[in-house]
Amino acid sequence: MKLSAATVICLGLVQFANVSDAAVDAKPAERHLLYVAAPGIRNNLEYGGHGIIVFDIDHGHKFVKRIKTAGLNENAEPLNVKGVCASADTKRIYVTTTRTMTCLDLVTEKILWEKPYPGGCDRMAISPDGKVIYIPSFEGAHWNVVDALSGEIISKITPNSGAHNTVYGPDGTHVYLAGLHSPLLTVAETRTHAAERTVGPFSNVIRPFTVNGSQTLCFVNINELLGFEVGDIKTGKKLYRVEVQGYEKGAVKRHGCPSHGIGLTPDEKEIWVTDGHNSKLHIFDATVMPPKQVLTIPVRDQPGWVTFSIDGRLAYPSTGDVIDVATHKIITGLTDEKGVEVQSEKVLEIDFAGDQPVRAGNQFGVGQKIGR
């Protein structure tokens, strides 16, 4: 049967549409991976050895691979890992030790460079666009502001606070700097990389902390407190002191403070707080102020950090327990290729489409409700 020219064109269009649909359907499925930097509990190799250990979130957090990293001392022994951050835009992941920062390509997994910084390094934070990293010196006077692609220093901020922890605000306009020797949280603006104001003073020196997505509130652990305090970032005032009820303070293995780890769920409905002495996580309702204690979860060791998956479904304390946020139940524990229980305070999620990273989380449990 002879077909008309119009029919042939229509059939061709249908075939083209089918090919186009098939191309859309062939888009690589996303993979959700957890990147764990080790040794992430001081320099203790018994918690998973050395390197970046990758786990498959979609398949029960099964061990996937170990990526070789740098960060060795003069005797070729791994130094303490102090922080981890990554950018899907630039396809890079960074690991700090007490002396250097190492940059790796997320696709090739090759080390691009390792650089030392004046005063050493501590827990850093990366800008949302992946272009700038603020690196605290190792409990020193200053933070180095670094070009994330080259690793070169572009500026320096000197709060003289015992530089230690750093959080980048979700919109990239401000970065928050906390030192081991100060009850004040420094707020720096990122356009000129200058300290702008402070929040506090809090009741003691600041340890781990986090901020909400709109950057109106900060939640800080402090020395001697089992719990946390809340600060108003806009006014600079301390608002609340929240003490964990029903549990006593006691000796801790590390860090020297009762609560060393705090995180907001991405939806900002809950605050999770660590309790080292009692090997617990305490959960607070963050929809009310001051936050209200609602639940406690026992974990397999003394926790010293907590963060969350990008979608907020999972919580990752430093003990290696994996917790379902909705049910507050432990669903598995991280183990490496040798079956060793993995623990680290330096973990984050990175998602891939095929072999290309498409999004990266962070290690801080920062709220994600922006513009509230």
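Predicted model: local features only at pLDDT ≥ 70, side-chain atom pairs only at ≥ 80, totals over all residues.

Q: OK, where does serine 137 lie?
A: Serine 137 is in a loop, the one that runs between strand E9 (132-136) and strand E10 (143-147).

Q: And is serine 137 buried or exposed?
A: Serine 137 has a relative accessible area of 1%, and because buried means under 20%, it counts as buried.

Q: Which residues does serine 137 touch, not counting those up to four places away in sequence?
A: Serine 137 touches Pro118, Gly119, Gly120, Cys121 and Asp122, and also His142, Trp143 and Ala163.

Q: What does the side chain of serine 137 reach at 3.5 Å?
A: The side chain of serine 137 reaches the backbone nitrogen of glycine 140 at that distance, 3.5 Å.

Q: Changing topic, how many residues does the largest nonpolar core have?
A: The largest nonpolar core has 29 residues, and those with the most contacts inside it are Tyr134, Tyr176, Leu185, Phe202, Phe209 and Cys218.

Q: Which elements give two or more residues to this core?
A: Those elements include E9 and E10, the two strands on either side of the serine 137 loop, as well as strand E13 (174-179), and E13 gives the most, with four residues.

Q: What is phenylalanine 202 in contact with, leaving aside its neighbours within four places in sequence?
A: Phenylalanine 202 is in contact with several residues, among them Pro183, Leu185, Cys218, Val220 and Ile222.

Conventions:
Residues numbered from 1 in each chain as written. Heavy atoms only, no water. Buried < 20%, exposed > 50% of the residue type's maximum accessible area, 1.4 Å probe, protein only. Contact = heavy atoms within 4.5 Å. Polar contact = N/O pair within 3.5 Å; in protein donor to acceptor, adjacent residues only side chain to side chain. Core = buried A, V, L, I, M, F, W, Y, C linked by side-chain atoms within 4.5 Å.
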